[in-house]
Amino acid sequence: MPNRKCSFNVSLAESEDKLIDSLSNLLRRCSEQAKDRKTNFSLGLSGGSLVKLLTKALRSSRLDTSNWEFFFCDERYVADDHSDSTYCAYRTEWLSQLPDILDLQFVKADTTKPLDECAADYEAKVKVKVGPSNLPQFDLLLLGMGPDGHTCSLFPEQPATLEETSRLVIPIRNSPKPPPERITFTLPLINNARDVAFVVTGASKSDVVKRVFVEQDKQFPAAWVDPTSGQLTLIVDAGAGSQIKL
C-alpha cells in the first residue's frame with residue numbers, strides 16, 4: 001500500500017477543552033497565513049459534531065472573522081431551513097453564539113436547482129470565490145469521519161466517487177446515510193487545500209482512526225485524503241485516538 005505523499009500532525013486531546021484549544025490554534029495559524037497573503041480566509045465546513053466544536057473554538061479564541069468566507073465540504077440536498085441542512089445547522093448556532101459572522105459570509109449551495117445543476121453551480125462558485133479557477137486552493141478544510149470511514153459525502157459503498165478527476169463538486173444519489181441526495185467536494189479539490197484537518201471524537205471511532213491514519217486502509221474514503229502540497233492534521237479526543245501511538 002503506498003504511503004501518503006504528506007506526513008500528518010496529530011493532536012491528541014485529553015479533554016474537550018484541550019481539543020478546542022487545538023482547533024483554535026489551527027484556525028489562528030491558517031487565518032493569519034491568509035491575512036499575510038492579503039486574501040480572504042477560505043474555510044470549508046463539515047457538519048455533525050463539528051458544528052458545536054467549531055462554535056466553541058471561535059468563541060474561546062475571539063479571532064477576527066471579518067475576512068473569513070465559509071463553504072461546505074458537502075451539503076444535503078434539502079432546503080436552506082431544513083433540519084438536515086448543514087448550512088442551517090451553522091447559521092442557527094451562530095446567530096446567537098457568533099452574531100458578528102454575517103450570512104453573506106456563507107457561500108452556500110443553491111438547492112432549489114436540480115441536483116446535477118446544484119453541484120455544477122457550487123463548483124462554479126468555489127472557482128470564482130476561492131480560485132484559481134482551474135483548481136481552487138482552500139486555506140483550510142475541516143473534515144469529519146464516520147465509523148464507516150466516510151468523509152464529506154464520499155462513502156465506502158460508492159467507490160466510483162473516489163475516482164472522479166475532472167469535477168470538483170459532484171452530486172450524490174442513494175447515499176447510505178439519509179438524506180439520500182447530496183453534493184460533495186471530490187478528492188482533487190480536497191487534496192489541493194493548503195491545510196486539511198480531521199476532527200474526530202468518540203471511542204467508537206478509534207478502530208477506523210487507526211485503520212485510516214496508521215494503516216492507510218484504502219477501503220475507507222478518508223484514507224484517500226492526502227494533500228498534494230498542503231498539511232494534514234488529525235485532531236482527536238482520548239477515545240477516538242486511543243489506538244494511535246504518538
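This is a predicted model: local features need pLDDT of at least 70, side-chain atom pairs count only at pLDDT 80 or more; totals for chains, interfaces and linings use all residues.

Residues are numbered from 1 along each chain as its sequence is written, and side-chain values use heavy atoms, with hydrogens and water left out.

**Stop one: S24.** Select helix 1, residues 16-36 (a DSSP run of H or I, at least four residues, numbered from the N terminus), and pick out S24 there. S24 is buried, at 4% relative accessible area (buried means under 20%, with a 1.4 Å probe and protein chains only). Now show A57: the S24 side chain comes to 3.2 Å from its backbone oxygen.

**Stop two: the largest pocket.** A pocket is an open set of points on a 1 Å grid over the protein atoms alone, where a 1.4 Å probe fits, with protein on both sides within 12 Å along at least five of seven lines; lining residues have an atom within 4 Å of a point. This one holds about 370 Å³ of space. Select G47, G48, G144, H150 and K177, the closest to its centre among 23 lining residues. Helix 2 (50-61) is one of the elements that supply at least two lining residues each.

**Stop three: the second largest pocket.** About 230 Å³ of space lies here. Select its lining, including L58, R59, R62, L63 and D64.

Definitions and conventions: Buried means under 20% relative accessible area, exposed over 50%, partly exposed in between (1.4 Å probe, protein chains only). A polar contact is a pair of N or O atoms within 3.5 Å; within protein, one must be able to donate a hydrogen and the other to accept it, and residues adjacent in sequence count only if both atoms are side-chain atoms. Grid points are joined across faces, edges and corners, and a volume is the space filled by probe spheres set on the points.
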